[in-house]
Amino acid sequence: MGLAVLILLHQIFALLRMRNPSEIWAYLKCPDASTVPLTHWENLMGRARGCDIILNLSGVSRSHGTLIRDSEGVWEYNDLNSKNGSYINGRKVTEPAVLRAGDTLTVGGGDFQLYPLSARERLENIEKRKRHTKRTSPWLSLLAITVFQLLTVIQFHISLGNEYPGQLTAAFILICVVMWAYVIALRMLKRTGFEVEIIAFFLSTLSLSLTASAYPYAVLKQAICVLLGVMLFFAMCWLLRDLNKAKRLIPIFLGLSVLLLIINLAFGTVAFGSQNWISIGGFTFQPSEIVKIVFIFVGAASLNELQQRRNLLIFMGFSAFCLICLAIMGDFGTAIIFFATFLVISFLRSGDFTKMFLVLGAAGLMGLMVLRFKPYVADRFSIWGHVWDDPTDAGFQQVQTMTSIASGGIPGLGAGEGNLSDVAAASTDLVFGMLAEEWGLVIAVLAVLCIITLSVFAYRSIIAGRSTYYCIAACAATSMFMFQTILNVFGSVDLLPLTGVTFPFVSSGGTSMIVSWGMLSFLKAADTRQNASLAVRVHEKDPEKVRASVESVSAVDIYDPEDLYELLGEEYRKPAKKEFKAQAKAEAKQMRKAEAKQAKAEAKQAKAAEPVPEPTRVSKPAPERRAEPERPAFSRKPQAPAATPGVRREEPAHPKAVRYTEVSDEDFFGKFDPPAKSAKPKNDEEGPLTLDDIFGEDGIFTDNRKGGKR
């Protein structure tokens with residue numbers, strides 16, 4: 001009991017402590033220049049309050065369109081038959097169209113633009129997700145489960161004595177090897193989250209011990225079913241990594257399920273009042289259990305599929321077919337589970353409570369018809385609530401179960417020491433009573449808490465869910481786990497009618513064990529913690545290494561593609577190769593354009609600041625001053641200065657555009673007449689000096705030095 005408390009509480013607290021951080025996949029620029037981060041792969045745009053992107057524009061419909069990202073990083077926009085339509089770069093959207101970075105999306109008269117994340121932001125999101133991911137080491141719990149299994153084998157040796165079957169040891173060795181091999185293999189793949197699997201492994205260990213008490217020679221078969229269940233879990237997690245591939249297999253799964261149910265109706269055998277068993281070569285299984293997984297596959301849908309009438313009709317038709325087949329078989333308990341899950345999926349698909357009431361009313365009428373024509377089901381309802389009135393006949397099973405729970409007490413009687421194992425369906429329908437009798441009320445309650453914890457884990461995971469498909473699938477699987485547990489536990493203690501359903505992972509039965517592991521994959525696919533789920537492609541480097549790599553590459557968001565592949569890891573290489581190259585090329589081109597534009601502007605500014613050359617006027621040196629000033633004489637040719645021996649005379653440089661023309665003295669000296677208005681004296685920065693600047697306004701040279709003369 002101490003080991004069970006250590007194992008289960010450790011994992012329960014780890015799951016309750018975990019956080020699924022929201023991820024940003026792109027940004028949507030709105031007409032008012034604000035930016036909306038897209039935190040989901042699938043986003044509904046419109047005026048309704050339930051939309052992911054609420055647009056307060058008069059021309060927008062309540063559900064205007066969807067903006068969806070696939071696993072390859074490509075965004076698509078789809079118009080949902082809106083009143084005013086949608087346009088991408090001026091072209092009307094009539095079917096799902098790719099929305100590229102920089103494209104203009106016109107919705108309700110407003111223009112929106114999609115901007116992808118830069119490489120630096122992607123790395124920062126990865127680092128943030130790692131900081132929020134609480135890692136719980138699996139080794140202590142694995143060691144505790146191994147010791148628990150060893151003590152269980154020893155206790156069976158003591159309890160059974162000479163009747164101890166040799167396959168019991170082989171069964172526990174097999175499940176121990178499977179458990180350790182699974183964790184070690186995933187640790188080699190850099191995965192760190194094992195809370196869900198460890199809970200399932202411990203509950204499966206309890207199932208082996210209860211099977212050994214009721215059917216000692218069937219325990220090895222139960223262990224093999226655990227192995228098959230783990231293999232199915234691994235395969236489905238890998239399949240759910242790519243939704244497009246998973247959806248392509250749905251028609252195949254749907255056809256096989258219909259075929260199985262039809263075969264069950266035609267050739268099924270009756271056991272415990274219901275015709276839900278098929279026996280092939282000594283191997284017996286329940287098709288209705290296998291159909292549970294397909295029911296979730298068909299019921300879950302992406303956001304685009306939720307808006308399609310065809311997808312809704314397929315789900316409604318398949319649900320009705322399953323319920324009718326189960327009613328004909330007489331498997332009333334499984335029918336209740338299917339119907340409850342149908343209600344959950346229907347609400348998640350529509351969000352409309354009014355339709356749910358109509359469905360409930362129709363289901364109530366169908367239930368009354370089943371009770372009318374199925375006496376076996378009616379007998380179970382008739383004894384409900386007063387089993388002590390007939391403890392030896394109709395209420396025998398519930399009375400024996402409650403008596404066994406009381407005799408087991410807190411610690412339990414021990415493995416193989418209980419008396420309830422002699423009652424029919426003790427390890428299946430009445431497994432809660434058998435678990436409480438042999439292993440104690442504490443372990444039995446902890447087993448129920450494990451299922452509740454898985455439900456809380458699923459609820460907290462879908463808040464940050466990437467796709468609607470993952471959210472609906474996780475909720476549907478959780479609903480099946482919860483309803484099965486409620487019907488099994490409450491039915492065995494007479495709080496509800498005994499419907500004959502199994503306790504997930506705990507009840508004996510190979511089909512139930514395999515299917516329970518298969519449905520667990522839907523919960524695992526919704527886990528977006530860093531490196532926690534095999535179903536999610538994530539980066540595997542440590543945050544410190546990522547930060548150091550980013551700082552070593554560049555201080556801006558332009559990266560070499562090969563450096564990006566090294567930083568983001570192998571799982572991002574294939575889908576991101578083309579995108580990163582295009583992004584780096586576009587950013588480099590944009591920077592080159594900006595640099596060229598800036599250089600051109602600087603050159604133009606420098607050219608404008610240079611002085612414009614003017615024709616040079618050459619005059620003779622001013623004559624010496626005399627008593628009476630006389631007019632200086634100018635020649636039309638510049639006078640060459642006297643040559644100096646040994647010094648090469650340089651010719652004055654004249655602009656080629658300068659031409660000299662002869663003018664009369666009257667025209668020339670007329671330039672010295674006083675102007676009508678005084679001109680402001682020029683300085684050196686305004687250009688070369690003229691004669692007016694030298695001689696003044698009245699044509700008389702003035703010596704401005706101290707004591708100068710006119």
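This is a predicted model: local features need pLDDT of at least 70, side-chain atom pairs count only at pLDDT 80 or more; totals for chains, interfaces and linings use all residues.
Residues are numbered from 1 along each chain as its sequence is written, and side-chain values use heavy atoms, with hydrogens and water left out.

Helices (H or I, at least four residues) and strands (E, at least two) are DSSP runs numbered from the N terminus. Six strands form an open sheet in the order β2-β1-β11-β10-β7-β8, with antiparallel pairing. The edges are taken by β2 and β8 (91-92), each of which has a single partner strand, so one side of each lacks a neighbour in the sheet. Two strands are said to pair if DSSP finds at least two bridges between them. In general, strands of a sheet pair through backbone hydrogen bonds, either parallel or antiparallel.

Strand β1 (residues 26-29) is joined to strand β2 (residues 35-38) by four bridges, and the two run antiparallel. Within this pair, L28 stands opposite V36 of β2. The hairpin of β1 and β2 has five residues between the strands, and A33 there takes a positive phi near 75°. Four bridges also join β1 to strand β11 (residues 110-116), again antiparallel, and K29 stands opposite Q113 of β11. The two faces of β1 divide into a covered one, with A26 and L28, and an uncovered one, with Y27 and K29. Further along the sheet, strand β10 (residues 104-107) is connected to β11 by four bridges in antiparallel fashion, where V107 has G110 of β11 as its bridge partner.

Strand β3 (residues 42-46) contains G46. This glycine has a relative accessible area of 0% and is therefore buried; buried means under 20% relative accessible area, exposed over 50%, and partly exposed in between (1.4 Å probe, protein chains only). Beyond residues up to four places away in sequence, G46 touches C51, I53, I54, L55, V60, S61, R62 and H64, a contact being heavy atoms within 4.5 Å. The C-alpha atoms of G46 and G59 lie 9.9 Å apart in space, and the two residues are 13 apart in sequence.

Helix α18 (residues 468-492) packs with helix α9 (residues 287-299) at an angle of about 145°, with axes 9 Å apart. Their contact involves K292, F295, I296, F297 and G299 of α9 and Y469, I472, A473, A476, A477, M480 and Q484 of α18. Axes are lines fitted to C-alpha atoms, for helices over the stretch in contact, and angles run from 0 to 180 degrees between N-to-C directions.

Helix α17 (residues 441-463) packs with α18 at about 160°, with axes 10 Å apart. The pair α17 and α18 is therefore roughly antiparallel; angles under 35 degrees count as roughly parallel, over 145 as roughly antiparallel, 65 to 115 as roughly perpendicular and the rest as oblique. In this packing, V448, I451, I452, S455, A458 and I462 of α17 meet C471, A474, C475, T478, F481, M482, T485 and V489 of α18.

Finally, S512 is located in helix α19 (residues 510-525). Its relative accessibility is 4%, so S512 counts as buried. Apart from residues up to four places away in sequence, S512 touches E289 and T502.
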